[in-house]
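Please keep the sequence and the model in view while reading.

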Amino acid sequence: MIIAIDGPSGTGKTTIARKLAERLKVQYFDTGATYRAITVFFMARKVNLDDLAEIEKNLKEFTFSF
């Protein structure tokens, strides 16, 4: 089961998502954390975001666990 919750910041998406996951007994996954992790990864490597080949090369080396 996949449920996506979207909306502006500060509207309670995370709170609702966690409560919903708990009630449905499913795993909660914060995609925003994934985006932030990729951003930190690219910044640390000084990836040129105008270079698609460089982005793809670096994404192959990106790992993320939760």
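Rings of Phe, Tyr and Trp (its six-membered ring) pair if their centres lie within 6.5 Å. The model shown here is predicted. Ring pairs of this kind join F41, F42, F62 and F64 into a cluster, and three aromatic pairs are present in the structure.

**Aromatic rings**

- A pair of aromatic rings is described by two quantities, the distance of the centres and the angle of the planes.
- What kind of pair do F41 and F62 form? Their ring centres are 5.1 Å apart and their planes stand at 70 degrees, so the pair is edge-to-face, a term for planes over 60 degrees apart.
- This pair links distant parts of the chain, for F41 and F62 are 21 residues apart. F41 belongs to helix 2 (residues 31–45), whereas F62 lies in the segment after helix 3 (52–59).
- Both F41 and F62 are buried.
- F62 also pairs with F64: the ring centres are 6.3 Å apart and the planes are at 15 degrees, so this pair is stacked. The word applies because planes under 30 degrees apart count as stacked.
- Are F62 and F64 buried or partly exposed? F62 has a relative accessible area of 17% and is therefore buried, since the limit is under 20%. F64, with a relative accessibility of 37%, counts as partly exposed.

**The nonpolar core**

- In soluble globular proteins, nonpolar side chains tend to be buried together.
- Which residues make up the largest nonpolar core? The five residues are F41, F42, V47, I55 and F62.

- T34 has its place in helix 2.
- The relative accessibility of T34 is 15%, so T34 counts as buried.
- When its neighbours within four places in sequence are left aside, T34 is in contact with F29 and F64.

**The largest pocket**

- The volume of the largest pocket is about 590 Å³.
- The largest pocket is lined by 20 residues, and those closest to its centre are I3, A4, A17, Y28 and F29.
- Which elements give two or more residues to the lining of the largest pocket? They are helix 1 and helix 2.
- Helix 1 provides six residues, the largest share of the lining of the largest pocket.
- Sorted by class, the lining of the largest pocket has 13 nonpolar, four polar and three charged residues.

**Positive phi values in the loops**

- K25 has a positive phi of about 60 degrees, although K25 is not a glycine.
- Where does K25 lie? Its position is in the loop between helix 1 (13–24) and helix 2.
- With a relative accessibility of 74%, K25 counts as exposed, because exposed means over 50%.
- K46, likewise a residue other than glycine, has a positive phi, with a value near 55 degrees.
- K46 is found in the loop between helix 2 and helix 3.
- The relative accessibility of K46 is 69%, so K46 counts as exposed.

Note on methods:
Residues are numbered from 1 along each chain as its sequence is written. This is a predicted model: local features need pLDDT of at least 70, side-chain atom pairs count only at pLDDT 80 or more; totals for chains, interfaces and linings use all residues. Side-chain values use heavy atoms; hydrogens and water are left out. Helices (H or I, at least four residues) and strands (E, at least two) are DSSP runs, numbered from the N terminus. Buried means under 20% relative accessible area, exposed over 50%, partly exposed in between (1.4 Å probe, protein chains only). On a 1 Å grid over the protein atoms alone, a cavity is a set of points where a 1.4 Å probe fits but cannot get out, and a pocket is an open set with protein on both sides within 12 Å along at least five of seven lines; lining residues have an atom within 4 Å of a point. Grid points are joined across faces, edges and corners, and a volume is the space filled by probe spheres set on the points. Ala, Val, Leu, Ile, Met, Phe, Trp, Tyr, Cys and Pro count as nonpolar, Asp, Glu, Lys and Arg as charged, and the others, Gly among them, as polar. Contact means heavy atoms within 4.5 Å. A nonpolar core is a set of buried Ala, Val, Leu, Ile, Met, Phe, Trp, Tyr and Cys residues joined through side-chain atoms within 4.5 Å.
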